[in-house]
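Student: Hi, could we go through this protein together? I would like to start with a single residue and then look at the rest.

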Amino acid sequence: MDPARPGHHPDNEPPRDGVPGRAEPLPGTACPGGERPGSRRLRRRGQGELEAQVLAVLHSANGPATAGWVQEHLEGDLAYTTVITILSRLYEKKAVTRSREGRSYTWTSASDEAGLAALRMRRVLDGERDRDAVLARFISALSPGDEERLRALLARAAAPDDPVDPHDTEGL
């Protein structure tokens with residue numbers, strides 16, 4: 001600290017005489033976020049996007065798949081441990097099932113992308129104290145067409161002999 005200026009630290013000074021400050025990396029060192037000067041920054045995935053991609057790959061499999069198989073069929077260059085982490089999170093959410101095969105697991109999709117979105121919506125709703133207020137706000141934010149679809153789906157779900165098929169929108 002500079003005793004002449006209380007609360008002032010010399011490291012907070014702007015660069016003088018054209019000398020680069022600390023914000024500029026030294027040659028051969030990584031920049032914040034792991035980028036190098038002049039490199040293209042990788043696009044950050046949206047929340048749940050990677051889980052949806054893993055589910056889509058599992059859907060394309062002819063039966064149970066290993067994490068290695070999933071890794072090979074995913075776009076991008078993901079580490080095996082990342083794929084295992086995603087599969088484990090999907091398992092916790094009941095979006096995939098797994099069975100022991102030797103020392104590892106094989107994985108099967110138990111849900112599609114719509115099912116995963118529904119699980120996320122349910123998890124958000126379960127985390128709220130005032131479920132009525134959350135549901136009321138959700139319904140009031142729906143477009144008229146979506147509100148009508150929701151009403152029709154709820155009516156069909158209430159009918160005991162008519163199972164709900166979310167893809168059947170006939171009459172909606």
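Student: Is lysine 94 buried or exposed?

Tutor: Keeping in mind that this is a predicted model, lysine 94 is exposed, because its relative accessible area is 66%, and exposed means over 50%.

Student: Where is lysine 94 found?

Tutor: Lysine 94 sits in the loop that lies between helix H3 (80-92) and strand E2 (96-101).

Student: What about its phi?

Tutor: Lysine 94 has a positive phi, about 65°, although it is not a glycine. As background, most residues other than glycine have a negative phi.

Student: New topic: which residues make the nonpolar surface patch?

Tutor: That patch, of about 350 Å², is made by Met121, Leu135, Phe138 and Ile139.

Student: And which helix gives the largest share of the nonpolar patch?

Tutor: Helix H5, which covers residues 131-140, contributes the largest share with 3 residues, while methionine 121 has its place in helix H4 (residues 113-126).

Student: Zooming out, how many helices and strands does the protein have?

Tutor: There are 6 helices and 3 strands in the protein, and, read from the N terminus on, the elements run α-β-α-α-β-β-α-α-α.

Student: How much of the protein counts as buried?

Tutor: Of its 172 residues, 19% count as buried, and the accessible surface of the protein comes to about 13400 Å², with 52% of that belonging to carbon and sulfur atoms.

Student: And what about contacts between residues at least 24 apart?

Tutor: Among the contacts between residues at least 6 apart in sequence, 37% join residues that are at least 24 apart.

Definitions and conventions: Residues numbered from 1 in each chain as written. Predicted model: local features only at pLDDT ≥ 70, side-chain atom pairs only at ≥ 80, totals over all residues. Heavy atoms only, no water. Patch = residues over 30% accessible without salt bridge, like charges linked within 9 Å, V, L, I, M, F, W, Y side chains within 5 Å. Areas by Shrake-Rupley, 256 points an atom, 1.4 Å probe, with all protein chains shown as cover. Salt bridge = Lys/Arg side-chain N within 4 Å of Asp/Glu carboxyl O. Helix = DSSP H or I, 4+ residues; strand = E, 2+ residues; numbered from the N terminus. Buried < 20%, exposed > 50% of the residue type's maximum accessible area, 1.4 Å probe, protein only. Contact = heavy atoms within 4.5 Å.
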